[in-house]
Structures are given as structure tokens and as C-alpha cells.
Amino acid sequence: MIRVFTREHADAVADLHLKYLTGLLSDLGKYVVRSFYLGAAESPYAIARVYESGGKVTGFVLGSVSSGKLRKEIFRKRILQTLIGTSLGVLRKPKLAQLMWASRKDRDTSYDRGSAELIYIAVDREQRSGGIGRQLVVEFGSELLSAGVNAYELSVDADNVAAISFYERLGFRKTGQYREFGRDHTRLKTTLGPE
């Protein structure tokens with residue numbers, strides 16, 4: 001069953017994120033990931049849902065009508081936790097400091113970082129192929145349509161062929177590629193409702 005994401009889901013969502021998603025946030029560790037999701041639960045810019053099965057969170061989706069505003073709001077609300085967690089993450093993995101610095105100056109500008117975006121989605125591997133991911137994407141799209149948004153984008157690790165194929169089956173089309181924090185990403189976009 002799909003439910004609105006709340007603070008009570010933050011630990012379970014952080015665990016799913018760390019288990020199935022790559023990227024800087026995961027590299028920084030559970031403290032930062034959990035803080036990020038607590039900030040998202042507190043933000044009016046977040047569109048977030050969880051899928052519960054048997055009382056357990058087995059999937060989630062997080063995005064926003066304005067991903068840039070959401071990220072800034074999370075950072076603003078959780079600044080101390082983010083700074084502490086990032087520092088601890090860099091102490092554990094010093095290479096992260098180099099990646100963050102390099103990506104800061106080489107930041108990709110080929111897409112609007114403030115536009116509507118599905119930022120994160122994950123489904124427990126044991127629950128995949130049951131339509132949970134599709135339901136979460138559809139629910140997210142419905143929320144965007146209700147907010148007056150008729151298109152949105154997302155990014156996928158460029159080597160994640162299964163995820164790219166999943167999104168293409170749902171009607172997304174590739175719009176480009178970029179590199180950030182040492183990883184290549186494919187950007188995809190979909191239109192909601194009639195074009």
C-alpha cells in the first residue's frame with residue numbers, strides 16, 4: 001500500500017537507499033542519508049511516498065516540483081547534521097573530498113536543476129517485478145499533475161541498464177548524459193498527460 005512519507009519512515013527509507021542506490025549521498029553514510037530524509041519529511045517541497053507491505057517499507061519515491069528548492073530546504077533545515085555527517089563521511093573516505101571539489105567546478109548545466117524531478121526511488125530486491133516501482137512512479141506523476149506540472153526528469157547511473165529500460169518502458173526518453181561525483185549518469189524525461 002502506498003502511503004505519504006513521514007519522519008517515522010526515515011530509517012527504513014535510509015536503509016533502502018543505502019542498500020540499493022549509489023552516489024555521493026550513499027557514499028557519505030547512514031547519518032547523512034537519514035538526515036536527508038528527515039529534512040525531506042519536513043519540507044513542503046517534497047513529494048515523497050513509501051510502499052508498505054506487511055508493515056514493512058519495501059519501496060519509496062522522493063522528488064519535487066522544484067528539486068533545487070527541495071535540496072536547499074533540506075540543507076537549511078538540517079545544516080548542522082549535514083555538515084557533521086559530510087565531515088565524518090570524508091574522514092572515512094577521503095577520496096570523497098576530491099570528488100566533491102572536482103564536481104563543484106565541473107558541474108553540469110545541461111539540464112535545469114531546479115525543475116520537477118524524481119530524485120530517488122528504490123524497491124527492495126525481493127519485491128521487484130511486482131509492480132511496486134511502477135506504482136510509485138505513477139503516484140509521483142499524479143502528484144506532479146495535481147500541482148500543475150506536466151513533465152519531469154530523473155537521472156540514472158549510466159551503467160544501470162535495467163533501470164534505464166524500466167523507465168523507457170514507462171515512457172521516459174533519454175535527454176543526455178553527464179558526469180558528477182565520479183559517476184556517469186543518463187538523464188531521462190517524461191511528459192504527463194496530453195502533450
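Contact here means heavy atoms within 4.5 Å, and buried means under 20% relative accessible area, with exposed over 50% and partly exposed in between (1.4 Å probe, protein chains only). Helices (H or I, at least four residues) and strands (E, at least two) are DSSP runs, numbered from the N terminus.

A word on what you're looking at: this is a predicted model, where local features need pLDDT of at least 70, side-chain atom pairs count only at pLDDT 80 or more, and totals for chains, interfaces and linings use all residues. Residues are numbered from 1 along each chain as its sequence is written, and side-chain values use heavy atoms, with hydrogens and water left out.

**Stop two: the rings**

Now show the aromatics: the whole structure has 9 aromatic pairs. Rings of Phe, Tyr and Trp (its six-membered ring) pair if their centres lie within 6.5 Å; planes under 30 degrees apart are stacked, over 60 edge-to-face, and the rest tilted. Zoom in on Phe 36 and Tyr 120, an edge-to-face pair at 5.8 Å centre to centre with 85° between the planes. This pair links distant parts of the chain, with Phe 36 in helix α3 and Tyr 120 in strand β4, 84 residues apart. Both Phe 36 and Tyr 120 are buried.

Next, select Tyr 167 and Phe 172, another edge-to-face pair, at 5.3 Å and 70°. Tyr 167 counts as buried because its relative accessibility is 6%, and Phe 172 does so at 5%.

**Stop three: the surface**

Which helix gives the largest share of the nonpolar patch? Helix α5 (residues 79-92) does, with 6 residues. Phe 75, in helix α4 (residues 67-77), is partly exposed at 37% relative accessibility.

**Zoom out**

Finally, show the whole chain: 8 helices and 7 strands, with buried residues making up 47% of its 195 residues.
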